[in-house]
Amino acid sequence: MQLAGRWLLPRLPRAPPRFAPAQILCVSPTANRKHHPSRLYSVLVPSDEVVINYRYGLPLLTLTLPSRQERCRFTIKPMLTTVGSFLQDIQNEDKGIKIAAVFTADGNSIPTSTPMEILLLNDFKLMINDKTYDVQCPRKEKLSSEHTTDMDDVKSVVQRLFTALYLEEHQVKKERSLLEKIEELKERLQPMEQLKAKIEARSEVKTNRLLWTGLALMSTQGGILAWFTWWVYSWDIMEPVTYFITFGSSMTFFAYFLLTRQDYSYSLIKDRQFLHFFHKRLKKKDFDVEQYNKLKEDLEEAEEGM
């Protein structure tokens, strides 16, 4: 919540205050009006003091801004304003204020997170640039216990409402930040995704070509064995040959298991060969795999945060 500040009259001259008799209008029973001097006197408040008074239940703080030497009044909402936001509003009102701080009456610094409701319970010191003001807080009349309970309930409701509104605003800012992060990550991933898709397509083509080549070799081997069995030699001669070919294939499959720790299946062989072609081509194209994985993880975390 922002403090409301409005300009007052220009700063009075620095001439010492004077005491002047006030003119009082007196009305006699005969309806003759006369002006008689009165013994009542009024004292002018120095223009460089910081004054706090209450109006409609809210404290009004009046001070002189150093740049233009003009009086400015700030309306303080004690339950919704902190010391830090109050000082920030003063600096926003006068750009010539470089230093603004609040201290206790005995000179201890007051944290900026302190609610103004707590600050206004006792007198304090307000430092603006190199000048320090002694601020006296007016004492409010004590309320009855019933009225105090009602006020506490109202304060609790206002604080819960403020918390709900603040959380909603915070959630909107967080969602906006996440959306911006997601867009940025997608923009950085787009060229890498396009290159990755081309490499995957190329690796898939080479893997399928290798599988078809294996089928062609197996078909050729079967045709050669059949030709030797029925046209060149007899089955009695080719049977030991086929046995050693089968035994050699079994040794090959066992060696594959020892090297890869995987069962010999056509689907696993296809996936392994695809990854071989894929990573080989990634290195050839200087594709940064670690950066790609990091961007994908960040994108997934941002989307989960939505």
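1. Let's start with the second largest pocket, which has a volume of about 550 Å³. Keep in mind that this is a predicted model. The pocket has 16 lining residues, and Gly 214, Leu 215, Met 218, Tyr 264 and Tyr 266 are the ones that lie nearest its centre.

2. Where does the largest share of that lining come from? From H3, which gives 9 residues. Helix H3 spans 145-232, and helix H4 (235-260) and helix H5 (266-284) are also contributors, with each of these helices supplying at least two residues.

3. Now for the record. An unreviewed UniProt entry puts the annotation "transmembrane region" on residues 210-229 and 241-259. In the model, residues 210-229 are 100% helix and 0% strand, with 29 Å between the end C-alpha atoms. Residues 241-259 are likewise 100% helix and 0% strand, and here the end C-alpha atoms sit 27 Å apart.

4. The UniProt entry, again unreviewed, also carries a "coiled-coil region" feature at residues 175-202. How much of that span is helix, and how much is strand? The model has it at 100% helix and 0% strand, with the end C-alpha atoms 39 Å apart.

5. On to the sheet. It is an open one made of 3 strands, ordered E7-E8-E9, with antiparallel pairing. Strand E7 (100-104) and strand E9 (131-135) are the edges, so to speak: each of them pairs on one side only. On average, neighbouring strands in this sheet are turned by 25° against each other, direction ignored.

6. Looking at the pairings one by one, E7 and strand E8 (residues 124-128) run antiparallel and are joined by 5 bridges. Ala 100 is found opposite Ile 128 of E8.

7. Finally, what lies across E7 and E8? Helix H1 (residues 83-93) does, and its direction is at about 140° to E7.

Note on methods:
Residues are numbered from 1 along each chain as its sequence is written. This is a predicted model: local features need pLDDT of at least 70, side-chain atom pairs count only at pLDDT 80 or more; totals for chains, interfaces and linings use all residues. Side-chain values use heavy atoms; hydrogens and water are left out. Two strands pair if DSSP finds at least two bridges between them. Helices (H or I, at least four residues) and strands (E, at least two) are DSSP runs, numbered from the N terminus. Axes are lines fitted to C-alpha atoms, for helices over the stretch in contact, and angles run from 0 to 180 degrees between N-to-C directions. Contact means heavy atoms within 4.5 Å. On a 1 Å grid over the protein atoms alone, a cavity is a set of points where a 1.4 Å probe fits but cannot get out, and a pocket is an open set with protein on both sides within 12 Å along at least five of seven lines; lining residues have an atom within 4 Å of a point. Grid points are joined across faces, edges and corners, and a volume is the space filled by probe spheres set on the points. UniProt positions are given in the numbering used here, feature names are shortened, and annotations may be inferred rather than shown by experiment.
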